Amino acid sequence: MSMQDIYCLKPVALHVPPGIPESPSCPRRRTLPASEFRCLTPQDADSVFEIEREAFISVSGTCPLYLDEIRHFLTLCPELSLGWFQEGRLVAFIIGSLWDEERLTQESLTLHRPGGHTAHLHVLAVHRTFRHHGNGSVLLWRYLYHLAGQPAVRRAVLMCEDALVPFYQRSGFQPVGRCAVAVGPLAFTELQCPLRSHASRSRNSC
């Protein structure tokens with residue numbers, strides 16, 4: 001898939017051509033877009049948690065966000081989330097919030113600071129049937145493109161286990177050192193990505 005394909009994945013509404021009336025015996029069907037990206041809402045929280053729980057608990061025994069925390073962020077800052085839907089079904093998502101310090105701290109796991117200029121990516125997860133096909137990378141690029149359209153957001157940051165660092169580096173993130181945050185026995189690397197390059201791509205994309 002080319003970068004042009006990624007930036008132009010938009011739902012297309014189907015319309016009856018002008019001058020052709022709808023038949024009462026054959027009403028127009030309301031079709032769902034085959035592929036749609038949109039911000040999440042609190043009503044999506046259960047679907048989000050179902051994917052996240054399967055993706056993380058089976059591996060590490062814990063989740064970056066639990067259901068009440070998902071609802072919390074999707075209520076406070078839905079514009080910093082992005083869901084990928086296939087025929088109306090959530091298949092992958094990212095949830096973020098704003099942060100106002102140079103590095104992540106324990107507080108950054110639960111707080112949204114509206115005055116901040118940093119988007120903190122709390123979690124990226126893909127449904128098990130859609131993994132290993134590059135869909136996580138597509139979603140991450142689309143999310144960064146989404147963030148680049150928000151003037152107040154200047155960079156994106158996240159923390160991940162060392163094994164995932166190459167995945168995020170391929171999307172433009174660079175390590176800034178060991179993260180000060182630890183979750184139980186788990187240690188993390190902190191990475192950041194300036195959004196200037198993505199803003200340039202958004203201006204030149206469809």
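Strand E3 (residues 89–99) and strand E4 (residues 118–126) run antiparallel and are joined over eight bridges; strands count as paired if DSSP finds at least two bridges between them. Within this pairing, Ile 95 has Val 123 of E4 as its bridge partner. Welcome to a predicted model, in which local features need pLDDT of at least 70, side-chain atom pairs count only at pLDDT 80 or more, and totals for chains, interfaces and linings use all residues. Residues are numbered from 1 along each chain as its sequence is written, and side-chain values use heavy atoms, leaving out hydrogens and water.

**The sheet**
- Seven strands make an open, mixed sheet, ordered E1-E2-E3-E4-E5-E7-E6.
- At its edges are strand E1 (35–38) and strand E6 (174–178), each pairing on one side only.

**Helices on the sheet**
- Helix H3 (residues 67–76) packs on the sheet and touches strand E2 (81–86), E3 and E4, where contact means heavy atoms within 4.5 Å.
- Helix H4 (residues 135–148) lies across E1, E2, E3, E4, strand E5 (155–160) and strand E7 (189–194).

**The whole chain**
- There are six helices and seven strands in the protein chain; these are DSSP runs, with helices (H or I) of at least four residues and strands (E) of at least two, numbered from the N terminus.
- Along the sequence, the pattern reads α-β-α-α-β-β-β-α-β-α-β-β-α.
- Of the 206 residues in the protein chain, 43% are buried, meaning under 20% relative accessible area with a 1.4 Å probe, protein chains only.

Notes:
Axes are lines fitted to C-alpha atoms, for helices over the stretch in contact, and angles run from 0 to 180 degrees between N-to-C directions. Buried means under 20% relative accessible area, exposed over 50%, partly exposed in between (1.4 Å probe, protein chains only).
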